[in-house]
Amino acid sequence: MRNKKLWEGSDAFKENSHLYEYSKWLSSTHGLQLNSYNALWQWSVDHIEDFWKSIWDYFKVISHKPYNRILTQGNMPDVAWFPGSKLNYAEHIFRHSHLIEETAIIFKNEQGDYLELSWNALRTKVASMATYLKSIGVRKGDCVVAFLPNVPEATISFLAVNSIGGIWSSTSPDFGSESVIDRFAQIKPKVFITVDGYYYNGKPYDKSKVSKTIADALPTLEKVIMLPYLHKNATFKFPKEVINIYDIFKIPGNALVFEPVDFSHPIWVLYSSGTTGLPKAIVHSHGGILLEHLKYLAFHNDVHEGERYFWFTTTGWMMWNFLQSPLLMGATIVLYDGSPTYPDFYKLWQFSEDVKITHFGTSAPFLVAGMKRHIIPKNNCNLTSIRSISSTGAPLPLEAFEYVYNSIKSDVWLCSMAGGTDVCTAFVGGTPFYGVHAGEIQCRALGVSLYAYDDHEQSVVDELGEMVIDKPMPSMPIYFWNDPDNSRYKASYFEHFPGKWRHGDFIKINSQTQGIIIYGRSDATLNRHGIRIGTSEIYRSINKIEAVEDALIVNLEMEDGKHFMPLFVKMRPNIELSEDVKQRINEQLKKEYSPRHVPDTIIEVPDIPYTISGKKMEAPVKKILMHMPLEKSINIDSMKNPESVEFFIAFAKSI
């Protein structure tokens, strides 16, 4: 039953939260008597400059130069935050000097390798890497890219790059070479940090040749750094000069010095594909990410010093970048590399018991899969250390909410959240002040002026609408790479509602609980188990299959938490869609991109729908398959071949 309350924090839980302390601080320093979370949220969006200044002051941001104002005037995205200030993200991570002997990182992989790294050891390794990077000429503004598993070496490398003002970008080694090259080639990296391979589901995957292919395709590279992970004594023979990462860690590190950079200086480049062209190279800022992650980790995840924060992720998902931020709070980050279900579905829950995880982060599909397999972690594992479970990557269905409380832990704070690569945070998420209701995300995050808009650009509650943010956030992208006039950036978010961010999700805001329900993507981008995939990647690969004339792909977010991604293909004349062709399509997508690019089924169609202007009609087809009324799904008059829709109307009746 939706709206059923599943959990409510005790008075002690609320009063021990960062949010409670912040509310008291606002009262004593600003005279603000905000007696509910909704009142606090309303103030934060009605007075965004005052709110973000309060975040700066409350967390005592270290600035090497004062800002001259909080926010410049203008319409999104033509605004700037805290201009004039100079800071460094990594400096805020290493300001916890009293924790020097405490644990900063816990790591384990599915092969059983285990490592605990103290704050002192982390600082020493970061200093060694930073010293080396500077010795080979890496300077502020240079790009360093990584093709690495979720291992401590990735975190160390990121912090080193960040400390000297470099720009970080990473993908995970399950990506194919073409997919990685499409991303990294755009930003012209100077250094490439890579791996010889990895294990997944108990099987080794050698990535030596893929790493070489990537390096060969990046002409701006000056150095390759190699992590021998699959084979401890692995060596690479590249045209580019190669150094073993462990040799770098042997270099005596100079004192770790932090390069002050502008608030708007790039911190990293993330990638989110649209429906055409190369993946969008999204650039975030040092200051924007710092303020947003301080806010979110403290007030919406309630992470405290010394707690252990885990999220199952790869380096190719924005949650890896988010996973670095608990270090800002003096917490320990917990890394796991491998399959979350190998050798069984209890693996991560047993890992949680072993290392006493406090905050357990995962994807909605992981929880749904456990539910469907009747996995009951509370009967097999001691999960007393866990006080919150976070879920993202896809809407968490109502049944999965109840599964968490019935089968995992009855007194846990379930923090379902939704945001994206675009802002590297969540627009909506948890609050210790509210209860958890089945099927709903608890709240709109502080400083996020988010509403559901109908087709007339009116804010609605208790109705399905487009997720729209009508005021700027510091962690919105500063720009897209190679988009000098911001045309691609503006087209991605601000075209539909000028001056307002349209995220591309259908949502409903509950007027009674203030909770949010996410109904899935409203655009054609494929949200595949939390990883956004551009249809152009699929089509570029399929174009190499001579038997296929044309194709169209959509991803459907079903009510029960499932994803269904059918690929529709139009075959060349006199050629049938054989099992051999299907196998070639799937193998090629997996090889060139990743397993997530492989469709659930491949279906032959007589024709692919196109607009008169020659655009494939993925979004209208998706609406048809989601059983939306035909008149609200597609404009037949705008079609080049309207008869092509008949197949999809008939097919929709079967799903």
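This is a predicted model: local features need pLDDT of at least 70, side-chain atom pairs count only at pLDDT 80 or more; totals for chains, interfaces and linings use all residues.
Residues are numbered from 1 along each chain as its sequence is written, and side-chain values use heavy atoms, without hydrogens or water. Local features need pLDDT of at least 70 and side-chain atom pairs count only at pLDDT 80 or more, while totals for chains, interfaces and linings use all residues.

Select residues 197-200 and 203-206. These are strands β8 and β9, antiparallel over 4 bridges (strands are DSSP runs of E, at least two residues, and helices runs of H or I, at least four, numbered from the N terminus; two strands pair if DSSP finds at least two bridges between them). Tyr200 has Lys203 in β9 as its bridge partner. The two strands form a hairpin with 2 residues between them, and Asn201 in the turn has a positive phi of about 55 degrees.

Next, show Phe94 and Phe258. Their ring centres are 6.2 Å apart and their planes at 25 degrees, so the pair is stacked (ring centres of Phe, Tyr or the six-membered ring of Trp within 6.5 Å; planes under 30 degrees apart are stacked, over 60 edge-to-face, the rest tilted). The two residues are 164 residues apart in the chain. Phe94 is buried at 9% relative accessible area (buried is under 20%, exposed over 50%, partly exposed in between, with a 1.4 Å probe and protein chains only).

Move to Phe158 and Trp268, a tilted pair with 5.6 Å between centres and 45 degrees between planes.

Finally, select Arg444 and Trp41: the charged end of Arg444 sits over the Trp41 ring, 4.0 Å from its centre (NZ of Lys or CZ of Arg within 6 Å of the ring centre and within 35 degrees of the ring normal). Lys616 sits likewise over the ring of Tyr539, with its charged end 3.4 Å from the ring centre.
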